[in-house]
Amino acid sequence: MKLDEPHHPRPDDADARKAVKPVICYPPETLPAPDLAALTALRKSATKSAAISVLPRDAACIDVPAGCFFRIVSVQGAQVGDLNLWNTADLSEKFYSGKTRALHGTHLSTGDRMWSSFPTLRPMATITDDTLDWYGFDDFGGSVHDVIGTRCDPYTGQLLSGQPYHYCCHSNLTRALAAHCDLPLTVAESHVHDVLNVFMCTGFTRDTGQYFMKASPVRPGDYLEFFAEIDLTVGLSACPGGDCSSEHTSDSASCYPLLIEVYDPGETARAAHKPPAPNAYDRSHATR
Ligand SMILES: [Zn+2]
């Protein structure tokens with residue numbers, strides 16, 4: 001938020017300074033590109049091996065082996081999902097939404113990767129299919145599947161409304177991870193992180209740069225599909241905001257379940273997949 005009445009005067013060369021053209025911080029052509037053609041061919045040989053339903057205002061976790069695909073499916077009605085990813089063998093390696101945003105932009109679609117936290121910083125998953133890819137950006141600057149928002153949580157809700165709300169995505173994911181990995185609630189909570197907002201339609205207002213949401217364009221049958229680059233524990237919350245057309249962090253929105261399906265291309269194909277190596281930086285931080 002910027003002041004309506006700035007405290008400081010414009011310098012003489014203000015227009016010239018503001019007219020400087022932006023440059024892309026991380027040109028995507030410098031990233032190792034996924035072989036989408038090979039993944040598409042591999043997907044054709046994969047068959048459904050597991051599925052889990054995520055109940056409204058709740059979350060669920062499922063393990064997806066490296067080399068498998070998983071799909072988040074809209075069922076029954078428009079519903080937004082908050083997605084967390086962890087390395088099954090080491091929960092401290094988790095999805096890094098901020099760096100993913102810096103690398104791929106505010107909203108993800110086919111061909112984008114979900115990168116892990118430091119120090120590994122490697123692709124955890126690659127998006128291989130998106131039935132909402134037709135949406136692009138609307139006239140408000142909105143799009144779907146953002147890595148802008150954090151997740152609805154009880155702390156911000158308490159701050160803004162003075163009331164506790166327990167079925168927000170942060171708490172849903174905490175309960176689900178604790179149950180899935182048999183962890184104390186406080187330990188599970190420490191692993192819950194900023195999300196990929198699956199199916200959510202968001203952007204920044206052009207005039208004030210404020211984060212906005214609008215009714216998700218998702219319809220039953222739509223899906224977002226991923227290839228698991230490493231062994232993943234996938235956590236998904238069916239947000240209490242429903243289609244996020246009006247509010248979240250309450251019980252007032254209509255909410256629907258979501259479905260996670262796992263597709264396995266077979267043991268031979270999985271064995272042939274080489275998970276990306278952890279980041280090559282030596283971690284010396286100029287001390288050697
Ligand atoms: Zn939420």
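**Backbone and packing**

Analyst: This is a predicted model, in which local features need pLDDT of at least 70, side-chain atom pairs count only at pLDDT 80 or more, and totals for chains, interfaces and linings use all residues. Residues are numbered from 1 along each chain as its sequence is written.

User: Where is R283, and is R283 buried or exposed?

Analyst: R283 sits in the segment after α7 (267–272); helices (H or I, at least four residues) and strands (E, at least two) are DSSP runs, numbered from the N terminus. Its phi is near 65°, a positive value in a residue other than glycine. A residue is buried if 20 or more other C-beta atoms lie within 10 Å of its own, exposed if 12 or fewer, and partly exposed in between, with C-beta atoms placed from the backbone. Because R283 has 9 other C-beta atoms within 10 Å, R283 is exposed.

User: R151 has a positive phi too; is R151 buried or exposed?

Analyst: R151 is not a glycine, yet its phi is about 160°. R151 lies in the loop between β8 (143–146) and α4 (154–161). With 23 other C-beta atoms within 10 Å, R151 is therefore buried.

User: Which residues does H170 contact, leaving aside neighbours within four places in sequence?

Analyst: H170 is found in helix α5 (residues 169–181) and is buried, because 26 other C-beta atoms lie within 10 Å. Its C-alpha atom is separated by 8.2 Å from that of S237, 67 residues apart along the chain. Two residues are in contact if their C-beta atoms, placed from the backbone, lie within 7 Å. On that basis the contacts of H170 are R151, C152, D153, P154 and V192.

User: What covers the buried residues of α5?

Analyst: The buried residues of α5 are C169, H170, S171, N172, L173, T174, R175, A176 and L177. Their cover includes β2 (59–64), β4 (81–87), α4, α6 (185–191) and β12 (232–238).

User: Which residue in β9 stands opposite D82?

Analyst: Two strands pair if DSSP finds at least two bridges between them. Three bridges join β4 to β9, and the two run antiparallel. β9 also pairs with β8 in the antiparallel sense over three bridges, where D146 has N197 as its bridge partner. Opposite D82 stands N197.

User: Which residue in β10 is the bridge partner of T202?

Analyst: Strand β10 (residues 211–214) pairs with β9 in the antiparallel sense over four bridges. The two form a hairpin with six residues between them, and G209 in the turn has a positive phi of about 65°. The partner of T202 is M213.

User: Which residues touch the most other members of the largest nonpolar core?

Analyst: A nonpolar core is a set of buried Ala, Val, Leu, Ile, Met, Phe, Trp, Tyr and Cys residues joined through C-beta atoms within 7 Å. The largest such core has 62 residues. Those touching the most other members are F70, L85, A228, L232 and L236.
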